[in-house]
Amino acid sequence: TLYAEINSLNVLTNYTFYIKSDCGGGESEWSWPYTFKTVAPVINVFPYDETYETSSTTRAGWQSEYDFGNWNWTYASGAGGGDVTTAHTGTQNARFRSTTDIIYTTKLVSPPLDLTTMPSGARLKFWYANQNWSGRQNELRVYY
């Protein structure tokens, strides 16, 4: 049985490792590569408030999920152009900004939320700003 504990791994990151044995009579060759991906921590303490600041301990658990194209959500202040120039609170917010005329579609997926300890009637609350680019309006959809 092989057991190893590795600390300080990054959330949602792919890792590759190899194994070599030493049974006292010489070392074996390196094994084939083994890979794994770390998971996002489950959020189970509420109310949960994501700030998107660089100091957030849960921001790394948010993932871009591509529907069309491969344009990522980023974290910065405001929309990166237009009238939306700041975050609602703090200095950072999640934003999806394309610099091309191609209409990309990417979901921003939260870390897993364990709502089993929540009373019925739990609610989602968030701030949303949408820049109107001469009639080209983005669309917001919330999935659960």
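User: Is Lys 107 buried or exposed, or something in between?

Analyst: Lys 107 counts as partly exposed because its relative accessible area is 27%, where buried means under 20% relative accessible area, exposed means over 50%, and partly exposed is in between, using a 1.4 Å probe and protein chains only. Please keep in mind that this is a predicted model, in which local features need pLDDT of at least 70 and side-chain atom pairs count only at pLDDT 80 or more, while totals for chains, interfaces and linings use all residues. Residues are numbered from 1 along each chain as its sequence is written, and side-chain values use heavy atoms, with hydrogens and water left out.

User: Which residue forms a salt bridge with Lys 107 at 3.9 Å?

Analyst: That partner is Asp 67, with 3.9 Å between the closest N and O atoms; a salt bridge here is a side-chain nitrogen of Lys or Arg within 4 Å of a carboxyl oxygen of Asp or Glu. The pair links distant parts of the chain, since Asp 67 is in strand β3 and Lys 107 in strand β6, 40 residues apart. Strands are DSSP runs of E with at least two residues, and helices are runs of H or I with at least four, numbered from the N terminus. Salt bridges that share partners also join Glu 65, Asp 67 and Lys 107 into one network.

User: And how do Glu 65 and Lys 107 meet?

Analyst: Their side chains meet in a salt bridge, at 3.7 Å from N to O. Glu 65 lies in strand β3 and Lys 107 in strand β6 (residues 105–109), so this pair ties together parts that are 42 residues apart in sequence. Glu 65 counts as partly exposed because its relative accessibility is 39%, and Asp 67 is partly exposed at 45%.

User: How many salt bridges are there in the whole structure?

Analyst: A search of the whole structure finds three. One of them joins Lys 20 and Glu 27, with the closest N and O atoms 3.2 Å apart. Lys 20 is partly exposed at 32% relative accessibility, whereas Glu 27, at 54%, counts as exposed.

User: What about Thr 13, where does it lie?

Analyst: Thr 13 lies in the segment before β1 (14–17), and at 23% relative accessibility Thr 13 counts as partly exposed. A polar atom of the Thr 13 side chain lies 3.3 Å from the backbone oxygen of Asn 10, and one lies 3.0 Å from the backbone oxygen of Val 11. Setting aside residues up to four places away in sequence, Thr 13 touches Phe 36, Lys 37 and Thr 38.

User: Where does Leu 9 lie, then?

Analyst: Leu 9 also lies in the segment before β1, and at 31% relative accessibility Leu 9 counts as partly exposed.

Terms used: Contact means heavy atoms within 4.5 Å. A polar contact is a pair of N or O atoms within 3.5 Å; within protein, one must be able to donate a hydrogen and the other to accept it, and residues adjacent in sequence count only if both atoms are side-chain atoms.
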